[in-house]
Amino acid sequence: MKMPAVRYQSGDMVMGRWPGSNLYYEVKVLDFDAKSGLYTVIYKDGTELELKEPDIKNASGFQTRSRSRSRSPGRRRSLSRSPARTTRRSSSRTAAAAAASGGATPVTDDVTSSRRDTRLKDALEIRLSPLKCEAAVEAGPDKIQGRYNLRRRKDDGDAKPQRPEEKDAKTAAAAPPTTPLDFGGKIGAFFWLLFLPAWVLFLVLQVNLEDPSLTNFPPPLPPLDAFWDPRALGFVVLWILFQVLLYLLPVGKLSEGVPLRSGQRLKYRTNGFWAVAASALAVAAAVHRGVDLTYIYSHFLQLATASLLVAVLLSVYLYGRSRYAAGEQLALGGSSGNVAYDFFKGRELNPRIKEFDLKFFCEMRPGLIGWCLINFALALAEMKLQRLDAPSYAMILVNLFQLLYVVDGLWNEEAILTTMDLMHDGFGFMLAFGDLVWVPFTYTLQAYYLVGHPNQLSLPAVAAIVTLKLVGFYIFRKSNSEKNAFRRNPSDPKLSHLQTIPTATGKSLLVSGWWGTVRHPNYLGDLLMALAWSLPCGFSHLLPWYYMIYFIVLLVHRDARDMSECRRKYGSAWDEYCRTVRYRIIPGLY
Ligand code: NDP
């Protein structure tokens, strides 16, 4: 059998054609497979492709275009501003290629440009529609039968399947490439580890004061034994076990998470709505049988301490088990090698005990449903303490608004699978503490405040606050659902009206619809809702506004974290998105 002649040698610097375009970039030849006749080449950003010989040219055969004729990013952008969809698509495709080239200026092959149409037809099945393009790439390299064979990018982590015997202790602990340190780095993480628990306990003590003004901060510390009640720990553990039981019931849908670096997609039991409904029934039955839920009000501090203890123990377990996890199971951001930082940030992305997903469970169940239970108990406490026949308007609004938030989150539980927490963050102290302590004991401060500090609301005020809440909720739900639907099925016909920018990773970015108004429309909706939660408490104290202030800080920081993460992932395609969608959260302002 005649072997194909090898025209280019390993190490040669040549010009390689970018899939689906007529643009050539400087690439290095890595390898030649005589069987398939394909050259493996590497682009400047680390993208590896397999190209056929006709798609490779000697660098000397190329003319770099003069600047005035070149398709510089600036020029492409001004063209792409046209509302015409085809223009957006072609510019986007070039942007994706530019991303993969590491920003290198592409050149077109003058000889072949006249044959562009014919050549594009038989190129890889990446077609003009960005939605289809994403579907083709997400189908995986195996399914892409054509001129090109896409390989993983250098920084996508090691996705090669490992034989079990290869996962010895040494390789298991091997860290994947890590992202820049966050939260003030190693010293910052140490600070947050001490500060956050202390802060929650201080807030709980402060809201218990008759006058919780800033001038009375910090509140006097009670004796140490006031923080501890073994019964409170028992209740917390029982509550968590009850939620575990509900989670494990084979009721509700099994949803697939987004593909992991290994290509695997985990399954999640998304039966949160049934869990909250069953919890409500159990609580109603308990109250009917005479259980006094105002215990939660009178033992708020002890319950918070007990939850903190559970969160710390869980974090220690998570950190310990992450030492034995394979590199590909670790989050990109939690492998700095510094114990305090990694303990805080979380190392393992999806720690599971068999099918039981610890992160997903903690994110959605005990804390979130516990938040509603605590709010309800605080409404009962308000009636008891203020001798009311029914809770006040303010208390009803706070209860209903937050209940809607939680029930909606659980009804759309699948949507959490495409959020930062689930996709990117490791499970460590930050999330365990956030889920089990921060959410149930600081998000309930407004209801707690109202127990001792009544605030009369007129009916027009109630109507205005309800309207604000509904507007915020509409923006929040619509934008989250749009992105979730797009990430789950980019070819969904219901989304075909949306414009997108493809990226070198194979995923696309929405650039119209909700995600074309601001870069985080979901944060905008969430902030409007937060405002509606604080307003019923009036303006006498800052404390009930604490959530609003904290949430602005959280979301501004979260937006910055997400921006740098997306910049790292998507390169110049992300820059193009940011140039097109100028504002982060509030249109025209921020
Ligand atoms: P997002 O749901 O906004 O997810 C961010 C990710 O979405 C990015 O990393 C990127 O991931 C993807 N993305 C970004 N831009 C685009 C685009 N244009 N097109 C397609 N995909 C895009 O982030 P969060 O997880 O922070 O928030 C989820 C919800 O939870 C929000 O509504 C937020 O307000 C809420 N939240 C509430 C909190 C609370 O305490 N009440 C706390 C934190 C969040 P990729 O490209 O990899 O898919």
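Is R387 buried or exposed, judged by relative accessibility?

1. R387 counts as exposed because its relative accessibility is 74%, where exposed means over 50% relative accessible area and buried under 20% (1.4 Å probe, protein chains only). R387 sits in the loop between α14 and α15 (393–411), and its phi is positive, near 50 degrees, although R387 is a residue other than glycine.

2. This is a predicted model, in which local features need pLDDT of at least 70 and side-chain atom pairs count only at pLDDT 80 or more. Residues are numbered from 1 along each chain as its sequence is written.

3. F183, in the loop between α6 (169–172) and α7, likewise has a positive phi, about 55 degrees, without being a glycine. F183 counts as buried because its relative accessibility is 17%.

4. A cis peptide bond, with omega about 0 degrees, joins F217 and P218, and P218 belongs to the loop between α7 (185–207) and α8 (230–248). As background, most peptide bonds are trans.

5. The axes of α14 (residues 366–385) and α18 (residues 445–452) come within 8 Å and cross at roughly 5 degrees, so α14 is roughly parallel to α18, a term for angles under 35 degrees. On the α14 side the contact (heavy atoms within 4.5 Å) is made by N375, L378, A381, E382 and L385, and on the α18 side by A447, Y448, L450 and V451. These contact residues divide into seven nonpolar, one polar and one charged, with Ala, Val, Leu, Ile, Met, Phe, Trp, Tyr, Cys and Pro counted as nonpolar, Asp, Glu, Lys and Arg as charged, and the others, Gly among them, as polar.

Methods:
Side-chain values use heavy atoms; hydrogens and water are left out. Axes are lines fitted to C-alpha atoms, for helices over the stretch in contact, and angles run from 0 to 180 degrees between N-to-C directions. Helices (H or I, at least four residues) and strands (E, at least two) are DSSP runs, numbered from the N terminus. Angles under 35 degrees count as roughly parallel, over 145 as roughly antiparallel, 65 to 115 as roughly perpendicular and the rest as oblique.
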